[in-house]
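My notes follow in the order I worked.

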Amino acid sequence: MTSRGVKTFFAKRVARSLPVLWLLIVVCLRGLAQSSRERGHVEGGAPISVERVKQLRENVDAWPLIVHPTNAAEQRINETLANLNRKFAKRVQDCISGKFAWSKGFNEGEWGRTVKVTMQGPRFLSMVASDDFYCGTAHPDDDLVVLVFNIEIGEQVDWSALVGKSAGASLSKNELGDEDGTPPLMLPELQATYAAADKDYCKDDFEDERSFVLWPDAESGTLVAEVAGLPHVALPCKNELKLTIEQSRNLGFDESLLQAIEEAHRIAVVGSKVKPVRKQPAPTSATPPNSR
């Protein structure tokens, strides 16, 4: 075959192959697009860094801020957290000074707060504050304040928008103690699940409609629920309920939320495996309690 004949032969082969090549390219592009759509909810927000928890005063933690915010949404979150810290510091000072005391002879109140960051991306930033305080009223009390932000828009989440409409979810904005936190969710099926998991003597406390504070927890890979607004005498019935991804899905929670929790859990598991283990110092002779 002459040189010209060889060139003609290969030109015909390439021409015949072009439709097949274009078909393969189209199929690959469609596959990539589909994969991107399936993962888009999680990839829409990468994990973020949050500063170490600092204290406003002894035994009183402040909300930690995002380290080096990179966009307007993260800056809005930091502004919200800073404002909440200032507002909370004033409330603690008023409590300790006796401003809320029922008796003029009251000397000094007490307040303790522990803050834990439960998820820092993708897409959601979640923090939980546990308060114990006595401000001179009828009895000491405790509270749970939960903040869950949508990192993409810089605002606290609307839980009712993260549940399917058919589930009958709504927000509760009148619970005592939730003024600064993400509004609790009222969801009939969640209430039934929570009541079924609680103690038998608590059943009466769930005959009326209740609301629930919620937060994603990366460490356990769950969505945590705790009843809000129970009277003081019913505090033993106020417990954390860790909903698995499947339980949350059955309750109607949005798939984007569940995918984000799963991804955060994978990141947390990997992080726990690579952390160096500190060597403990050699044991010394123990001093029995009360031996001094």
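**Cores.** I started with the largest nonpolar core, which has 40 residues. Inside it, F124, W159, L190, L214, W215, F253 and L257 have the most contacts. By nonpolar core I mean a set of buried Ala, Val, Leu, Ile, Met, Phe, Trp, Tyr and Cys residues joined through side-chain atoms within 4.5 Å. Buried means under 20% relative accessible area, exposed over 50%, and partly exposed in between, with a 1.4 Å probe and protein chains only. I then looked up where the core residues come from. At least two each are supplied by β4 (124-134), β5 (141-150), α3 (188-197), β9 (211-217), β10 (222-228), β11 (241-243) and α5 (255-274). Apart from this core lies another, of 15 residues, with W63, I77, A129 and V145 among them.

**Basis.** The model is predicted: local features need pLDDT of at least 70 and side-chain atom pairs count only at pLDDT 80 or more, while totals for chains, interfaces and linings use all residues. Residues are numbered from 1 along each chain as its sequence is written, and side-chain values use heavy atoms, with hydrogens and water left out.

**Whole protein.** I count five helices and eleven strands. These are DSSP runs numbered from the N terminus: helices are H or I with at least four residues, strands E with at least two. Of the 292 residues, 38% are buried. A contact means heavy atoms within 4.5 Å. Among contacts with a separation of 6 or more, 54% are between residues 24 or more positions apart.

**F253.** What does F253 touch, not counting residues up to four places away in sequence? I found W159, L162, V163, L185, L187, L214, L223, S248 and L258.

**T222.** This residue lies in strand β10. Is T222 buried or exposed? T222 counts as buried because its relative accessibility is 8%. Its side chain makes a polar contact with the side chain of S220, at 2.6 Å. A polar contact is a pair of N or O atoms within 3.5 Å; within protein, one must be able to donate a hydrogen and the other to accept it, and residues adjacent in sequence count only if both atoms are side-chain atoms. Leaving out residues up to four places away in sequence, T222 touches W215, P216, D217, K242, L243, T244 and I261.

**Helix α2.** I checked residues 72-97 next. The helix has 26 residues and reaches 38 Å from its first C-alpha to its last, close to the 38 Å expected at 1.5 Å a residue. The expected span is 1.5 Å times one less than the number of residues. Buried residues of α2 include A73, I77, L81, L84, F88 and V92. An α-helix has 3.6 residues a turn, so residues three or four places apart point the same way. The buried residues of α2 pack against β1 (55-57), β2 (60-61), β3 (110-120), β4 and β5. At the helix start, a side-chain oxygen of N71 comes to within 3.1 Å of the backbone nitrogen of A73. G98 follows α2 and has a positive phi, near 90°.

**Strand β5.** Eight of its ten residues are buried. β4 and β5 run antiparallel, joined by ten bridges. Strands pair if DSSP finds at least two bridges between them. S126 stands opposite V148. The β4-β5 hairpin has six residues between its strands, and G136 in the turn has a positive phi of about 85°. β5 also pairs with β6 (residues 155-156), antiparallel, over two bridges. There, N150 has E155 as its bridge partner. The β5-β6 hairpin has four residues between the strands, and G154 takes a positive phi near 80°.
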